Amino acid sequence: MKLSRQFTVFGSAVFCVVIFSLYLMLDRGHFDHPKSPRREGTFPKGQLSILQEKIDHLERLLAENNEIISNIRDSVINLSETVKDGQKNPEAVNFGQGSVSELLPSASVLLAVDSEDCLFALKSGSHSSGVQMLDVYDILPFDNPDGGVWKQGFDITYNENEWDNEPLQVFVVPHSHNDPGWLKTFDDYFRDQTQHILNNMVIKLQEDKRRKFIWSEISYFSKWWDGIDSQKKDAVKRLIKDGQFEIVTGGWVMPDEASSHYFALIDQLIEGHQWLEKNLGVKPKSAWAIDPFGHSPTMAYLLKRTGFSKMLIQRVHYSIKKHFATQKTLEFFWRQNWDLGSSTDILCHMMPFYSYDVPHTCGPDPKICCQFDFKRLPGGRISCPWRVPPEAIHAGNVQHRAWIILDQYRKKSKLFRTKVLLAPLGDDFRYTESSEWDQQYQNYQKLFDYMNSRPEWHVKAQFGTLSDYFEALLKESNLGEKSSNSLFPVLSGDFFTYADRDHHYWSGYFTSRPFYKRLDRVLESYIRAAEILYSLALVQSSKSEKMSVFLSVDNYKLLTEARRNLGLFQHHDAITGTAKDWVVVDYGTRLFHSIMNVKKVIIDSVHILILKDKSAYDTATPLLKMDDVQASQDSLPRKTVIKLTLQPRYLLIHNPTEQERFSVVSVNVNSPRVKLLCPLGKPVTVQISAVWDGATTVSHEAYQMSFVAHLPPLGIGVYQLLEDESSEAVLADYNIYVRNSRQEKPDRVFKIKEMQHSVDNIILESAYMKLWFSGMSGLLEKINTKEDGKSHQMKVEFAWYGTTSNRDKSGAYLFLPDGDAKPYIFTDPPTIRVAHGTIFSEVVCFFHHVTHTIRLYKVQGLEAQSLEVSNIVDIRGEYNRELAMRISSDINSQNRFYTDLNGYQIQPRLTMSKLPLQANIYPMTTMAYIQDVGVRLTLHSAQSLGVASLKNGQLEVIMDRRLMQDDNRGLGQGVQDNKITANVFRLLLERRHGTDVNEEKAPVSFPSLLSHMTSLFLNHPVIPMTTNAYSGVPELINIFSPLMSSMPCDMHIVNMRTIQAKVDTKPSDEAALILHRKGFDCRFSNRDTGLLCSTTQGKIKVHKLFSKFRVESLTPTSLSLMYSPPDVQNISEINMSSMEINTFRIRLR
């Protein structure tokens, strides 16, 4: 108590001093004004303004003073808490001064969250949208009656004089859907098809001003552009200027929306938009996504932030399409679930029918529409499956043919609220041959000319671009004026899980090819680290002459290539796992090469940042190397072994997150006699664990050394490693449960005890929790959280899904199980290896198809709050089986669970008995959770997979699938290229308080700050590096700490990406700083969370951001840098709302 009294006195003293100095300053203020010869009459005004200024000044100073006092108060509270709990006050942590506290974060520090910041999660979801997708699911019967010619719909009728007062405007939009890899690789498609499409486009559009064409994938367009002459380039620019050719969306690809992380979605948008700006000077206006298998509101949000106001989607569950058609809600404003106003609204058009091909886009009857796909004229390579071929249009049949297609147009327009109609005209890789351009454009022009010449038909038909359509739509609906926003409904929610017919749900691809879904995230984490370090190193290198040898241009080329390879992989046949085997290898090889290349960028950049004497920079030999190496695109990375000597060797640890961090780091060394010195030269506690060959044999080639690294945000800590006979490293002990234990000779280093399986539990324990595992299977059974002393059932088990015996079976896209999963049965109990150590303990179970590890960190702080769960899965010998991990708890979740969308937001889910099992599987990008009034259980994931909660208290995740047949969606093969795949998770159990039952039904939910941070640390592990040579290593600084302090807990630096120069492939001196303010729920215990940050209502003072660098300019821009506000000015304070993602152009010095 004494201490807090002292602080109160101290605080009051500070207050008095501040007030007194205020008075002095103001007193002086009298004389600071220039003495101007006063004219009579101006006298009072001058005095008043001086007074006014003084008062303003006083107010400002008082406000600052309040801030100081409240900061002191917070520190006092924190300190007195610490003192109460009998903890020694840890040394003040100050990286800049290099006095790093050796203590772990103090045991009981309350998290300083601004109470204002808690309101967002409470208010969110209270407003109602016109259409809430959770309600739509609730009311729909999901039956599938035969709808006549429009199989999944209904008969459409109309009255012929409906258009008498207002004619029907038809926009036929020619397009060609080019997959950047699917049945062929990206390069093969380009060579065989895409280049010809674009070459013909330039010729054919110039033949007739009325012709239009749209294009979306910049990956292809840029490759074509690089190979054409300037004459062609000028023609393209002219076609764009004249509105004949339009770029839609303009991302690198048309990305998948289920498995992609928002980091990569933004990155591929920037890559495309930056390319367009530099090469064409074009800013796309409308977005076009006709082929992703289900749609996410995250994409709608990102498009809105990018500057789009109109978008189009196609693949949505057929029952929803039909329902929306009956309600005429196929065009709507898509609003984010969490939006308290309407700032996220974006106008969205949903195509009404089965597909984006010509038979399903002119109207409800595919048999008729197919007759107007003039590529299918008799004698061609493709025909109409409905057995009625198209007829070329001539004077003799034009009246009849025009009337038939007008009937389709009219019927289709009855599903919408205006008299403006969109009719896409295209399909996959269409318009390759010159003849096809003629067939489509000439025949359609004849139809248009005829229709438009019949005034009594009341129709105006023409070719158009997507923006032509939207502009006419907005004109028609008067959306220019604020009043009529009511014409289109507002919708919130998402469009997963997609079914295109029957019970064919596309939930298989949420997991297909999981090896590459994991590789994608590894590359993402490395790219982000490389981008930020490179941006800082670029500034550093510009500060001194000698540093100009920093290979900024070469490294920028590697970064650009990595961005493009990552962008390519977001394509909806890449990350989805739905391409041919050799195409998967092509994607994998690109990801793999880029991982190696960005590692090189990281090493080069760290080299510059960590040198004491910058003039000693030399690129002849790399100073550093990474501590892991991946042998090939389809193998798991392995740790390299660091050779120790009596001479210290540097071990550098980079923390890629914007938070100060205590993280357990493990590296492999060649001797157990190891000594580790922290950046200040003090010894650090280490745990030595065995490196194993298989389940029970110790390899003495290497030893795993684990320790807690304390690292500044975005910083680098320089540790030193050496061999030391008097090493104080603590060895882990092992108990191995084997079927027939044989007394071996004891190991020369470790204490290893072999024993029989038993009915007794295996127990692991830390300061935070106690875990019980089965002595037979080694799997987790129960968790006790010490904070409240409660025990929770928490059973981990594995299960197999088979596939149906029907004609239609599971494949790369579809999940068609043969009923509930069957338990994973093992005839002999698995070998179980239990390790007990000071830094961590773990239980490893060796099953035939999976090696399952649960690790408990025994340190203070964040990493000890959750369990690390990893599975190494190998189902290469299986036949039509899928392996799931299931967690069964006693949480009363009542058929509700929550999954994230793209790592950006949480979408509540309802498991519905009226739907088949496969429909209740949803995509998980980074997390899924279940909860009841008292607790929340979150499964954090480092890779995208399919998840479900099929029974009360359960969460399950599908880890890999091996399928022997095609599922009839065009791929033409099963999934049999399985790899040994590592899946990494964290399991977090949190206590909830202050919750009520009603909120369980809210359409929105948020993770806690602890949950956000756990996800951040899981997805962005620290990056260890060692120096290459023992001798001749230049002097390094102990700690590189670029930020003044941790960012606020809810502020995430998504990226800091150096922007390209206007010409050449060089970098400019500007970077795009992308920030995301996360929405979070405060109603969780916030003691002991190990968070070393506070929240600040989304405000950050720019000059308080960096410590080693000065912010020369910081200006807001749109998400992908396309637009800057007209009166763009330097800002001194960043101010963001919850859930907002903002991009700034930043220039550092």
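Helices (H or I, at least four residues) and strands (E, at least two) are DSSP runs, numbered from the N terminus. The expected span of a helix is 1.5 Å times one less than its number of residues. The model is predicted, so local features need pLDDT of at least 70 and side-chain atom pairs pLDDT 80 or more, while totals for chains, interfaces and linings use all residues. Residues are numbered from 1 along each chain as its sequence is written, and side-chain values use heavy atoms, without hydrogens and water.

Helix α7 covers residues 230-241. Its 12 residues should span 16 Å, and the end C-alpha atoms are 16 Å apart, which agrees. Just after α7, Gly 243 has a positive phi of about 75°.

Six strands form an open sheet of mixed pairing, in the order β1-β11-β7-β8-β6-β5. Two strands pair if DSSP finds at least two bridges between them. β1 (131-132) and β5 (286-289) stand at the edges with a single partner strand each, so one side of each lacks a neighbour in the sheet. Strands β7 (residues 331-334) and β8 (residues 346-350) run antiparallel and are joined by four bridges. Phe 332 has Cys 348 of β8 as its bridge partner.
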